[in-house]
Amino acid sequence: MKTINELQDEIIEEFTELDDWMDRYQLLIDLGNEQEPLDEKYKTESNLIDGCQSRVWLQCDEEDGKLLFKAESDALIVKGIVTLLINVLSGHTPDEILEANLYFIPEIGLKEHLSPTRSNGLLAMVKQIRMYALAYKAKLQ
């Protein structure tokens, strides 16, 4: 299992190979399309992330002390963004998730190339993932 930072470094490498932002957006869309569709039973109100302009569902399950995330969005680029977050954070312990410095977000230029509403949505996704980590951390102690 790779560490969160190793996974972030891979993403940074993949994105920095693309100079053009249109290519980077296409990469995000491709990542989102590669993601397995979220089971309909998880597309519930309680799994919808507040603060996202588009609809984003985030499902979290715990297995052997590690959190496994699945997500989907009805917007292509947003689906790619949430896929990136899941690729980095899923399969790690609540502590690892809570202590992670998500430096890949500014490194690949996501912050400055997203509209303010998408940027807020990204922060809401990160916040929701950390909320799950906090909840499971309390539960697992």
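This is a predicted model: local features need pLDDT of at least 70, side-chain atom pairs count only at pLDDT 80 or more; totals for chains, interfaces and linings use all residues.
**Entry 1: salt bridges**

I began with R55 and D74, whose side chains meet in a salt bridge at 3.8 Å, N to O. R55 lies in the loop between α2 and β1 (56-63), and D74 in the loop between β2 (66-73) and α3, so the pair ties together parts that are 19 residues apart in sequence. The criterion I used: a side-chain nitrogen of Lys or Arg within 4 Å of a carboxyl oxygen of Asp or Glu. Helices (H or I, at least four residues) and strands (E, at least two) are DSSP runs, numbered from the N terminus.

Residues are numbered from 1 along each chain as its sequence is written, and side-chain values use heavy atoms, with hydrogens and water left out.

My cut-offs: buried is under 20% relative accessible area, exposed is over 50%, and partly exposed is in between (1.4 Å probe, protein chains only).

How many salt bridges does the rule give? The count comes to 5. I looked up D95 and K137 next; their side chains meet at 2.9 Å, N to O. This pair links distant parts of the chain, with D95 in helix α4 and K137 in helix α7 (residues 116-140), 42 residues apart. D95 has 33% relative accessibility, so I class D95 as partly exposed. K137 is partly exposed too, with 28%. Salt bridges that share partners join E40, K43 and E72 into one network.

E10 and K2 form another salt bridge, at 2.5 Å, N to O. E10 is partly exposed at 38%. K2 is partly exposed at 41%.

**Entry 2: K43 again, and rings**

K43 also turned up in a ring search. Its charged end sits over the ring of W57, 5.2 Å from the ring centre. The test asks for NZ of Lys or CZ of Arg within 6 Å of the ring centre and within 35 degrees of the ring normal.

I then searched the whole structure for aromatic pairs and found 2. Rings of Phe, Tyr and Trp (its six-membered ring) pair if their centres lie within 6.5 Å; planes under 30 degrees apart count as stacked, over 60 as edge-to-face and the rest as tilted.

Helix α1 has 13 residues and reaches 18 Å from its first C-alpha to its last, close to the 18 Å expected at 1.5 Å a residue. That expected span is 1.5 Å times one less than the number of residues.

Which residues of α1 are buried? I list I4, L7, Q8, I11, I12 and F15. They cover an arc of only 140 degrees around the axis, so they fall on the same side of α1. The arc is that of the directions from the helix axis to the C-beta atoms. The cover over these buried residues includes α2 (21-34), α3 (76-89), α4 (94-99) and α5 (104-107).

I checked Q8 in α1 (residues 4-16). Q8 counts as buried because its relative accessibility is 0%. Leaving aside neighbours within four places in sequence, Q8 is in contact with V88, N101, L102, Y103 and F104. Contact means heavy atoms within 4.5 Å.

**Entry 3: helix α3**

Helix α3 has 14 residues and spans 20 Å from first C-alpha to last, close to the 20 Å expected. It is mostly covered, with 12 of its 14 residues buried. Among them are K79, T83 and V88. Just after α3, G91 takes a positive phi of about 90 degrees.

**Entry 4: loops**

L18 is in the loop between α1 and α2. L18 is partly exposed, at 23%. Setting aside neighbours within four places in sequence, I find L18 in contact with D23, R24 and L27. L18 and S46 are 28 residues apart in sequence and 37 Å apart in space, C-alpha to C-alpha.

Where does D64 lie? D64 is in the loop between β1 and β2. Its phi is near 50 degrees, a positive value in a residue other than glycine. Most residues other than glycine have a negative phi. D64 counts as exposed because its relative accessibility is 74%.
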